[in-house]
Amino acid sequence: MGRFILFRYRPRNYRLLPTLSLFLSILMWSTPSLLLGEELPYLIKLQPRPVQESWFKINELIEENASLEKPLPDPYLARAELWSLVGNHEEAIEDYLQATNLTLEGAPSVADQSRMLVVLKEALNRLAKQPQPRYPQKSREFFQDGFRLFYHGMHEEAAPLLAEATRLDTTDPVFRVVRALNCKKLGQNSKAKQQLSAASSLMKRPYFSKFELMDFHSRLERIQYADRRWISTGLLRAGLSDQSAQQKATQLVSRIEGTVKLDQVN
């Protein structure tokens with residue numbers, strides 16, 4: 001079996017490339033040597049052990065990369081490829097966005113921008129055309145456990161469980177708004193806006209019925225007062241101004257296309 005991940009972009013700063021080369025060399029069907037822990041996203045747990053090992057390696061690289069004065073895009077590209085591999089195209093786009101923004105911060109050549117443009121376009125195409133993973137029973141289990149922790153003020157502990165719920169069922173707006181509120185409690189305002197935007201988009205679908213709307217409000221009845229007002233106001237604002245990663249990626253694609261076309265004219 002061949003390697004899972006192909007890097008489409010090579011940075012000018014090569015400080016992490018030996019580590020990345022090591023990472024690529026282990027992405028083979030072989031007996032892994034790393035002792036794996038239990039803290040794995042459910043979609044990654046479903047994969048063969050080399051993929052699970054790769055997840056740990058990539059996240060170690062991302063932590064190391066964050067400590068650099070000028071972080072590199074490659075670790076985020078690697079994690080995005082893994083997310084795409086398991087069908088989580090939504091978070092793949094978030095990592096592709098991070099990689100693209102880091103690339104643009106480094107005053108890249110037009111050729112570099114063109115390569116990232118192709119990466120973003122392909123990611124958006126996969127999100128639009130390929131089915132999202134859906135595990136209704138597991139998503140409900142994660143949500144119920146996460147909501148219980150959230151309701152008791154254990155927001156840090158609730159965060160990964162609520163994230164799993166939205167990964168395993170991307171179509172439930174209740175999962176989104178509770179995760180958004182939990183993100184808000186943790187001070188993660190950008191993530192909160194993205195989740196509200198996703199919920200708003202789901203509720204604007206033509207086939208979102210009055211019954212589903214009643215069910216939506218019924219399932220949130222334990223959330224009241226200021227938190228409920230925050231959700232209502234946030235959904236309204238999200239409907240007016242899309243903050244989703246998909247929307248941001250589309251805007252960035254337009255921006256890079258404009259730069260590349262302008263250079264070609266000149």
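Where is the place of Tyr225? Select Tyr225 and you'll land in helix 12 (residues 225-240); helices here are DSSP runs of H or I with at least four residues, numbered from the N terminus. Its phi is near 60°, a positive value in a residue other than glycine. Tyr225 is also exposed, at a relative accessible area of 67% (exposed means over 50%, buried under 20%, with a 1.4 Å probe and protein chains only).

A quick note before moving on: this is a predicted model, where local features need pLDDT of at least 70, side-chain atom pairs count only at pLDDT 80 or more, and totals for chains, interfaces and linings use all residues. Residues are numbered from 1 along each chain as its sequence is written, and side-chain values use heavy atoms, leaving out hydrogens and water.

Now pick Ala107, in the loop between helix 5 (89-105) and helix 6 (110-129). Phi of Ala107 is positive too, near 50°, and Ala107 is exposed at 58% relative accessible area.

Next, show helix 7 (residues 136-151) with helix 8 (residues 155-168): their axes, lines fitted to C-alpha atoms over the stretch in contact, come within 8 Å and cross at roughly 155°. That makes the two roughly antiparallel (angles over 145 degrees between N-to-C directions). To see them meet, select residues including Phe142 and Phe143 in helix 7, and Leu161 and Leu162 in helix 8; contact means heavy atoms within 4.5 Å.

Last stop: helix 10 (residues 189-203), with 15 residues. Among its buried residues are Ala192, Leu196 and Leu202.

Conventions: Expected span 1.5 Å × (residues − 1). Axes fitted to C-alpha atoms, helices over the stretch in contact; angles between N-to-C directions. Parallel < 35°, antiparallel > 145°, perpendicular 65-115°, else oblique.
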